[in-house]
Amino acid sequence: MKRLDQYDRQILKELQQDAHINHQELADRVSLSKTACWRRVQKLEQNGLIRSYVALLNPSNLGLNVMAYVQVSMLNHDVKTLETFNTFIESSPFVMECCAITGSYDYMLKVVASDTQELEQFLMRKLLSLGVVKSTNSNFILGQRKNTTELPIS
């Protein structure tokens, strides 16, 4: 894709703050006609700069009061082990994020649960019972000082 111009960058900034904005309001905010703005949004979507539109939910209002970062060390790194782990991660509603990391652990998970008992059941009866995880280390999230999905766009 060509380099982003000021209009594309502003469109992306506005959509990160409110993806529910209508095309006319977005066009007004970035000083473009509705049609020109709509075409640019479509092009940004087609080129993969806009991956999807989502609603961000409040976990505590849904009874999900416990969040933790879980570091995971694998037994080994063969194809079958990684496939088992990846399939589990993709299907687990408790796992919000999973990243391969450097250091003494292989993965970092962000996990959500209703309470500590549910988190323990997830760890002991689901994750560790897969038979592919050597060890885990959990850190409870006591509070969030910043939680954003917005990427810096310059």
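For these entries, Ala, Val, Leu, Ile, Met, Phe, Trp, Tyr, Cys and Pro count as nonpolar, Asp, Glu, Lys and Arg as charged, and the others, Gly among them, as polar. I worked from a predicted model.

**Entry: second largest pocket**

I looked up the second largest pocket and found about 530 Å³ of space in it. I noted 17 lining residues, and the closest to the pocket's centre are Leu56, Leu57, Met96, Asn147 and Thr149. Two elements give two or more residues to this lining, namely β2 (95–100) and β3 (107–113). I sorted the lining of the second largest pocket by class and got 9 nonpolar, 5 polar and 3 charged residues.

**Entry: largest pocket**

I then turned to the largest pocket, where the space comes to about 700 Å³. I found that 17 residues line the largest pocket, with Gln16, Arg51, Ser52, Val54 and Thr149 the closest to its centre. By class, I recorded 10 nonpolar, 4 polar and 3 charged residues in this lining.

**Entry: helices α1 and α2**

I checked how α1 (residues 6–17) lies against α2 (residues 23–30): their axes come within 10 Å and cross at roughly 130°. Angles of 65 to 115 degrees count as roughly perpendicular and those over 145 as roughly antiparallel, so I logged α1 and α2 as oblique to each other. I noted the crossing of α1 and α2 as right-handed. On the α1 side I listed Tyr7, Gln10, Ile11, Glu14 and Leu15 in the contact, and on the α2 side Leu26, Arg29 and Val30. I classed the residues of this contact as 5 nonpolar, 1 polar and 2 charged.

Technical notes: Residues are numbered from 1 along each chain as its sequence is written. This is a predicted model: local features need pLDDT of at least 70, side-chain atom pairs count only at pLDDT 80 or more; totals for chains, interfaces and linings use all residues. Side-chain values use heavy atoms; hydrogens and water are left out. Axes are lines fitted to C-alpha atoms, for helices over the stretch in contact, and angles run from 0 to 180 degrees between N-to-C directions. Helices (H or I, at least four residues) and strands (E, at least two) are DSSP runs, numbered from the N terminus. Angles under 35 degrees count as roughly parallel, over 145 as roughly antiparallel, 65 to 115 as roughly perpendicular and the rest as oblique. A crossing is left-handed if the near helix is turned anticlockwise from the far one by less than a right angle, and right-handed if clockwise. Contact means heavy atoms within 4.5 Å. On a 1 Å grid over the protein atoms alone, a cavity is a set of points where a 1.4 Å probe fits but cannot get out, and a pocket is an open set with protein on both sides within 12 Å along at least five of seven lines; lining residues have an atom within 4 Å of a point. Grid points are joined across faces, edges and corners, and a volume is the space filled by probe spheres set on the points.
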